[in-house]
2 protein chains.
Amino acid sequence: MNLINLDHISAAPLLPEVKAIMIDAINSDLHNPSSQHQAGEAAAERIDAARESVRRLVGAADAKEIVFTSGGTESVNHAIKGAAMANRSKGNHIITTNIEHNAVIRSLKRLSGEGFKVTSLPVDETGRVDPDDVAKAVTDKTILISVMHSNNETGTIQPIKEIGAIAREKKVLFHSDAVDSVGVVPVDVDELNVDLLSFGSNRFYGPHGIGGLYIRKGTRIFPLLEGGVQEHNKRGGTENVIGIIGMGKAAEIAIKNMDARGEHLLRLKKYVLEHFPEYLDEYLINTNLSYSLPDILNISLKYIEGESVMLMLDGDGVAVSTKSACATGSLRASHVLMSLGLSHADAQGTIVISWGIDNTREDMDRFFASIQESVKTLRDMSPLYKNHSNNS
Amino acid sequence: MNLINLDHISAAPLLPEVKAIMIDAINSDLHNPSSQHQAGEAAAERIDAARESVRRLVGAADAKEIVFTSGGTESVNHAIKGAAMANRSKGNHIITTNIEHNAVIRSLKRLSGEGFKVTSLPVDETGRVDPDDVAKAVTDKTILISVMHSNNETGTIQPIKEIGAIAREKKVLFHSDAVDSVGVVPVDVDELNVDLLSFGSNRFYGPHGIGGLYIRKGTRIFPLLEGGVQEHNKRGGTENVIGIIGMGKAAEIAIKNMDARGEHLLRLKKYVLEHFPEYLDEYLINTNLSYSLPDILNISLKYIEGESVMLMLDGDGVAVSTKSACATGSLRASHVLMSLGLSHADAQGTIVISWGIDNTREDMDRFFASIQESVKTLRDMSPLYKNHSNNS
């Protein structure tokens, strides 16, 4: 029985074209792109081509504004810590939201220990931050605003363009963690008015462990990884050449196929929303359906544990997640769902399904059958459910 | 005409076995190793196997002491900045040497801006630091000593074991940048008494953009990349799974073949030292021949520019370097060579040759012929050389 991957947010498969170009890179014995001899130049040219594709993907004016990193987490740490430390003489206040990824939360926590003050804004029950709240939070000490483009657990998209306009008007640097959006939905750094944008490669079917940071020309920021003069002096260290080449190819194809992919993904989303009620009752959809990614839904199943559902689905060959893969092992309820106002029990009853261009309606049908059976089994064992049934 | 790579220090070719396992990893559609379903577990198992090989390579007691990074530069930044910031309550003094890689120099420069005081020790004319100088430099504020294992431009090996014993006795954390040593010569973290050890994968024929940091159990250190709970909570970010698998295989083979490789590399070193004088005169060997790596020589050719020699050799299909690839584009003379007491002119006349298990005596013969011709051409055009010849 083939495995059905409804956990694309954790890992999307490599495109055949990405596999092919990475295998070619492995077999090409590329040299160090910083070396000045012929062998080095061949590697440098391939990195330049990848950088140009990534530039186009996010709408940057200049390829030099793209820094290749080891992934979204490095990009976020670089953006937040680097911008904060480089602008400390101007102020020590940073604005963010309550639903950011741990990379943002932990970077800001580290800065709090260095004398920075962080204002973390709430989201409404639909999971969105109010741009007016951002405007009101800005003080003359504010040097950075960091708001994620879309949430990695719910897929809800934030009003980044509106917040960007506020940041621009108030002359405050604006970073957006767009790791879960770039390559899935159109993201344009100029339209959004962002100065810093973090993204990864795997969301658009490139390899893990490689990502990018857009740094608008003129932005004051320190490097996070200091050493050599690579990446236009913004990130030291010999490049992950094979990964960068893979990411470049994935970006090139994402640009070309974004519309068609979006339609396919959205059709599957509508299919799930339409048919899920035929299989299950008593659940909450935690994704804001007016503003969200086309490829992810966050669902709380009442009276049971999401983790138990995940494990039973796994037994049936269907991979889903319960929260961010980065938070695996933590027993705490999702801070994202608690911020939406969910009860602890509902937050613990959550599964996240995220699909890709490789999924079909038949996959969803298998998921429906499996989750119907799993939830029935778990609810039959659930004292919470028994109490509820007896009382209703 | 095939290219002869005498610039292994910048880039070593991937082993056939490393290529094969990376290609297999690419074709295996591995999932996110942090995901708890079956697909994630398969990826996690492959990372565990790689970590075990790397643990053995550096002699760590526990595989959890190995953190996979995006390469030597990240490892060094993590070790130095992370240890300094985490131990700031104990003191603000750090000891290093004048010949470190830019990753160390720039990390320490950043810390200087944060209130840390750095003592940078000189080396003698053979390129080695005196352990007694380290002992004398330790104060009650000293929290970290960072000394490279071998130098990336000369290959000269430092008395790390002796310095490690001093650090242990004085209860100061000891980091060694062993990027150019690990996988080439035996390195054992217990024998050396290091608490932190940085290394990369390409020096032992693994991919670029992946490396490791050994963190001795109990060492107080902050993460550099913060976010998820990956790498036993020491480095957030989804892993570069393909790179880690490649590095693990390269480590496994390096352990098995280290002695045989060392003999081959040393034979080539002796061959160069024996025959170089037949082709050229008026040069300096800047590598300490009593304490050095078996695969690199640093040679200053009098009266000419190393960069011109490099470019002429490149025209003949022989790749060499003039200094660290990480410093490409900088016009300044090597700080390493200036620290050895070389004149500016001699430092600028330097080439670095570094060979590998794929090189032969015939490669060296072609190098000899090419450099003899190149140096003759360049000296014939050199006013310095003409003055010298007229005066002698």
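The contact between the two chains takes 61 residues from chain B and 61 residues from chain A, where two residues are in contact if their C-beta atoms, placed from the backbone, lie within 7 Å. The structure is a predicted model, in which local features need pLDDT of at least 70, side-chain atom pairs count only at pLDDT 80 or more, and totals for chains, interfaces and linings use all residues. Residues are numbered from 1 along each chain as its sequence is written, while chains are lettered from A and ligands numbered from 1 in the order in which they are written.

On the side of chain B that touches chain A, at least two residues each are supplied by α1, α2, α3 (72-86), α4 (102-112), α9 and α10 (306-315) of chain B. Helices (H or I, at least four residues) and strands (E, at least two) are DSSP runs, numbered from the N terminus. By class, this side of chain B has 22 nonpolar, 30 polar and nine charged residues. Here Ala, Val, Leu, Ile, Met, Phe, Trp, Tyr, Cys and Pro count as nonpolar, Asp, Glu, Lys and Arg as charged, and the others, Gly among them, as polar.

Chain B is superposed on chain A by a rotation of 180 degrees with 0.0 Å of shift along the axis, at an RMSD of 0.0 Å. This is the relation of a two-fold axis. The same surface serves both copies, in that 100% of the contact residues of chain B recur in chain A. Superposition of copies is by least squares on the C-alpha atoms of residues with pLDDT of at least 70 in both.

Within chain B, helix α1 (residues 16-27) and helix α9 (residues 241-279) pack at an angle of about 150 degrees, with their axes 9 Å apart. Axes are lines fitted to C-alpha atoms, for helices over the stretch in contact, and angles run from 0 to 180 degrees between N-to-C directions. The angle makes α1(B) roughly antiparallel to α9(B); angles under 35 degrees count as roughly parallel, over 145 as roughly antiparallel, 65 to 115 as roughly perpendicular and the rest as oblique. The crossing of α1(B) and α9(B) is right-handed. A crossing is left-handed if the near helix is turned anticlockwise from the far one by less than a right angle, and right-handed if clockwise. Residues of α1(B) in this contact include B:Glu17, B:Ile21 and B:Ala25, and those of α9(B) include B:Val241, B:Ile245 and B:Lys249. The contact of α1(B) with α9(B) comprises 10 nonpolar, one polar and two charged residues.

In chain A, the axes of helix α1 (residues 16-27) and helix α9 (residues 241-279) come within 9 Å and cross at roughly 150 degrees. The crossing of α1(A) and α9(A) is right-handed.

Helix α9(B) also packs against α2(B), at an angle of about 35 degrees and with the axes 8 Å apart. The crossing of α2(B) and α9(B) is left-handed. Among the residues that meet are B:Ala43, B:Arg46 and B:Ile47 in α2(B), and B:Val241, B:Ile244 and B:Glu252 in α9(B). The contact of α2(B) with α9(B) divides into 13 nonpolar, two polar and three charged residues.

Chain B holds an open sheet of seven strands in the order β2-β8-β7-β6-β5-β3-β4, with mixed pairing. Two strands pair if DSSP finds at least two bridges between them. The edge strands, each of which pairs on one side only, are β2 (66-69) and β4 (117-121) of chain B. From one strand to the next, the twist averages 20 degrees. Strands β3 (residues 93-97) and β5 (residues 142-146) of chain B pair in the parallel sense over three bridges, and B:His93 has B:Thr142 in β5(B) as its bridge partner. Helix α2 (residues 38-58) of chain B lies across β2, β7 (196-200) and β8 (211-215) of chain B, at about 110 degrees to β2(B). Helix α6 (residues 160-170) of chain B packs on the sheet and touches β5 and β6 (173-177) of chain B, its direction making about 160 degrees with that of β6(B).

Three strands of chain B form an open sheet in the order β9-β10-β12, with antiparallel pairing. Its edge strands are β9 (283-285) and β12 (350-354) of chain B. Strand β10 (residues 296-301) of chain B pairs with β12(B) over five bridges, and B:Ile299 stands opposite B:Ile351 in β12(B). Helix α10(B) packs on this sheet, touching β10 and β12 of chain B, and its direction makes about 45 degrees with that of β12(B).
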